[in-house]
Amino acid sequence: MNILITGASGFIGSRLVKKLKKLKIFKIYLVSSKKRRNFIKLDLLNPNYNQIKKLKIEVCIHLAWAKIPDYSKQNSFQNYQASKKLFNFLLSHGCKKIISVGSCWEYKEDYGRK
């Protein structure tokens, strides 16, 4: 099964990736807006989906939120639009399941990263 994980370097994503890699039953593709080793560079606010088009993604776990800690209405709306665009792209290319989760509002401080 091919899984795409956005926000894979974040609080939830980094822990999820470790667990999934231990299972060794999935092909995992990691997405980041920054250039990182073993990640697909994809800016969700200005996406070029060509690099994920051919991956035959079956499941997307969407954990990314751009420009944190900007929680303004404008940034939230841009992220909402970007998420919708990503979901529509994936669904039109055979993705069967999308899971979208976030954690930033629960913490208010940088708990859990120490």
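Reader: Why are E1, H1 and E2 called a right-handed β-α-β unit?

Author: Handedness is read with the strands pointing away from the viewer: a crossover is right-handed if the path from the first strand over the helix to the second runs clockwise. E1, H1 and E2 make a unit of that hand, so the name applies. This is a predicted model, in which local features need pLDDT of at least 70, side-chain atom pairs count only at pLDDT 80 or more, and totals for chains, interfaces and linings use all residues. Residues are numbered from 1 along each chain as its sequence is written, and side-chain values use heavy atoms, with hydrogens and water left out.

Reader: What makes a stretch count as a helix or a strand?

Author: Both are DSSP runs, numbered from the N terminus: helices are H or I with at least four residues, strands are E with at least two. By that rule the protein has four helices and five strands. Along the sequence they follow the pattern β-α-β-β-α-β-α-β-α.

Reader: What makes E1 and E2 a pair?

Author: Two strands pair if DSSP finds at least two bridges between them. Five bridges join E1 to E2, so these strands qualify as a pair. They run parallel. Within this pair, Ile-5 has Leu-30 of E2 as its bridge partner.

Reader: How many bridges link strand E2 with E3?

Author: Two, in the parallel sense. The cut-off is at least two, so E2 and E3 also count as paired. Ser-32 stands opposite Lys-41 of E3.

Reader: In what order do the strands lie in the sheet?

Author: The order is E3-E2-E1-E4-E5, in an open sheet with parallel pairing. Strand E3 (40-41) and strand E5 (97-100) are the edges, each pairing on one side only.

Reader: Which strands does helix H1 touch?

Author: Helix H1 (residues 11-23) touches strand E1 (2-6), E2 and strand E4 (59-62), and packs on the sheet. Its direction makes about 160 degrees with that of E2. Axes are lines fitted to C-alpha atoms, for helices over the stretch in contact; angles run from 0 to 180 degrees between N-to-C directions. Helix H3 (residues 73-92) also packs on the sheet, touching E1, E4 and E5. The direction of H3 makes about 170 degrees with that of E4.

Reader: What does Ser-32 contact beyond its sequence neighbours?

Author: Contact means heavy atoms within 4.5 Å. Leaving aside neighbours within four places in sequence, Ser-32 contacts Phe-39, Ile-40, Lys-41 and Leu-42.

Reader: What class does Leu-16 fall into?

Author: Leu-16 has a relative accessible area of 24%, so it is partly exposed. Leu-16 lies in helix H1. Not counting residues up to four places away, Leu-16 touches Ile-5, Ile-61 and Leu-63.

Reader: Where does Lys-24 lie?

Author: Lys-24 is in the loop between H1 and E2. Its relative accessible area is 73%, so Lys-24 is exposed. Lys-24 has a positive phi of about 55 degrees, although it is not a glycine. Asn-38, in the loop between E2 and E3, has a positive phi of about 65 degrees and is not a glycine either. Asn-38 has 60% relative accessibility, so it counts as exposed.

Reader: How many residues does the largest nonpolar core have?

Author: It has 17 residues. A nonpolar core is a set of buried Ala, Val, Leu, Ile, Met, Phe, Trp, Tyr and Cys residues joined through side-chain atoms within 4.5 Å. Those with the most contacts inside the largest core are Leu-4, Ile-52, Ile-57, Leu-86 and Leu-90. E2 and H3 are the elements that give two or more residues to this core. H3 supplies the largest share, four residues. A second, separate core has ten residues, including Ile-3, Ala-8, Val-17 and Ile-61.

How values were computed: Buried means under 20% relative accessible area, exposed over 50%, partly exposed in between (1.4 Å probe, protein chains only).
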